[in-house]
Amino acid sequence: MFGITKIEGHQVVWHGESLGMYLKEDPDQDYCALALCYRVMVSPFGYGFGAVILGDPNTPMGWPHKPNFVITNNFPLMRWLVDNWVSRIPCFKGKPGFENMTWKTLQLATKRPLNYYEPYVLTIKGNGINVVLTWDEVNETLSTSAPGENNFNGEFDLLTVLIEMKNATIEIDGHQLPGKPVTCVDVVKDPMRSAFLGYVETWLESDELDDDELDYDDDDDDDDY
């Protein structure tokens, strides 16, 4: 078990980055494509990278039938994040595609450039799937502090720097998915663009973690679930 870092008496549940884009073809309709990527440096399950891609959120099928999948290099960490964070985000919660995702092993994740005032491109490869996520044109940079009752998780406090991006695209195996970012309240409970780079993201709690809640099995890393 990895140690839990303390910040002013509050425990760090996990710390890292979350990069996302929630896309719509029509602002008044449901999301048609969702992507959320985590790069975690501190957690009960150590370091890891993971991406949740829902190219067809409303269809109860995973890859290769529909582009609904997870790619990760740390399955216990990503299962924990999916169960306790992603599943609580309004645009993911209860979606048939989310409930039927295929899990794949990460082979490669690269990003360019480090200067986010240029298009930020994240390339992810995992056992036969090639994903290119692109964020472009900074809209606003926000420093956000949201206690549990004021964020989607409802349990842990959030500290983060969010960079809103005006444009974003999801490309899978050379095919660009439809949709574009909109103004929404599905990132934090204040209106902002649904394409964002979340840096120095930290989730905090004040009580001791229950080890029973951290008992995730790490003895199976097959690429399909």
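**Entry 1: the cores**

I began with the largest nonpolar core, which has 38 residues, and Trp14, Tyr22, Tyr38, Leu81, Trp85 and Phe92 have the most contacts inside it. A nonpolar core here is a set of buried Ala, Val, Leu, Ile, Met, Phe, Trp, Tyr and Cys residues joined through side-chain atoms within 4.5 Å. Buried means under 20% relative accessible area, exposed means over 50%, and partly exposed lies in between (1.4 Å probe, protein chains only). I noted that strand 2 (10-24), strand 3, strand 4 (48-54), helix 1 (75-84), strand 10 and strand 15 each supply at least two residues of this core. Helix 1 gives the largest share, six residues. Helices (H or I, at least four residues) and strands (E, at least two) are DSSP runs, numbered from the N terminus. I also found a second, separate core of 28 residues, with Leu23, Ala33, Cys37 and Ile172 among them.

**Entry 2: ground rules**

I am looking at a predicted model, in which local features need pLDDT of at least 70 and side-chain atom pairs count only at pLDDT 80 or more, while totals for chains, interfaces and linings use all residues. Residues are numbered from 1 along each chain as its sequence is written, and side-chain values use heavy atoms, with hydrogens and water left out.

**Entry 3: the whole chain**

I counted two helices and 15 strands in the protein chain. Of its 225 residues, 51% are buried. Contact means heavy atoms within 4.5 Å. Among contacts with a separation of 6 or more, 66% are between residues 24 or more positions apart.

Which residues does tryptophan 14 contact, leaving aside neighbours within four places in sequence? I found Tyr38, Val40, Val42, Ser43, Trp80, Leu81, Trp85, Glu201, Thr202 and Trp203.

Next I looked at helix 1, where eight of the ten residues are buried, so the helix is largely enclosed by the rest of the structure. The buried ones are Phe75, Pro76, Leu77, Met78, Arg79, Trp80, Leu81 and Val82. They pack against strand 2, strand 3, strand 4, strand 5 (68-72), helix 2 (96-99) and strand 6 (102-105). At the start of helix 1, I spotted a side-chain oxygen of asparagine 74 within 3.0 Å of the backbone nitrogen of leucine 77.

**Entry 4: the cavity**

I looked for cavities, each a set of points on a 1 Å grid over the protein atoms alone where a 1.4 Å probe fits but cannot get out; lining residues have an atom within 4 Å of a point. The count is one cavity of 30 Å³ or more. The largest cavity has a volume of about 130 Å³, a volume being the space filled by probe spheres set on the points. I found 15 lining residues, of which Ser18, Phe152, Val187, Phe196 and Glu201 lie nearest the centre. Strand 2, strand 3 (33-42), strand 10 (157-172) and strand 15 (195-205) each supply at least two lining residues.

Is threonine 160 buried or exposed? At 5% relative accessibility, I count threonine 160 as buried. This residue sits in strand 10, and its side chain reaches the backbone oxygen of tyrosine 199 at 3.1 Å.

Threonine 105, in strand 6, is partly exposed at 24% relative accessibility. From threonine 105 to glycine 50 I noted 55 residues in sequence and 9.3 Å in space, C-alpha to C-alpha.

How values were computed: 1 Å grid on protein atoms, 1.4 Å probe; cavity = no way out; pocket = protein on both sides within 12 Å on 5 of 7 lines; lining within 4 Å. Polar contact = N/O pair within 3.5 Å; in protein donor to acceptor, adjacent residues only side chain to side chain.
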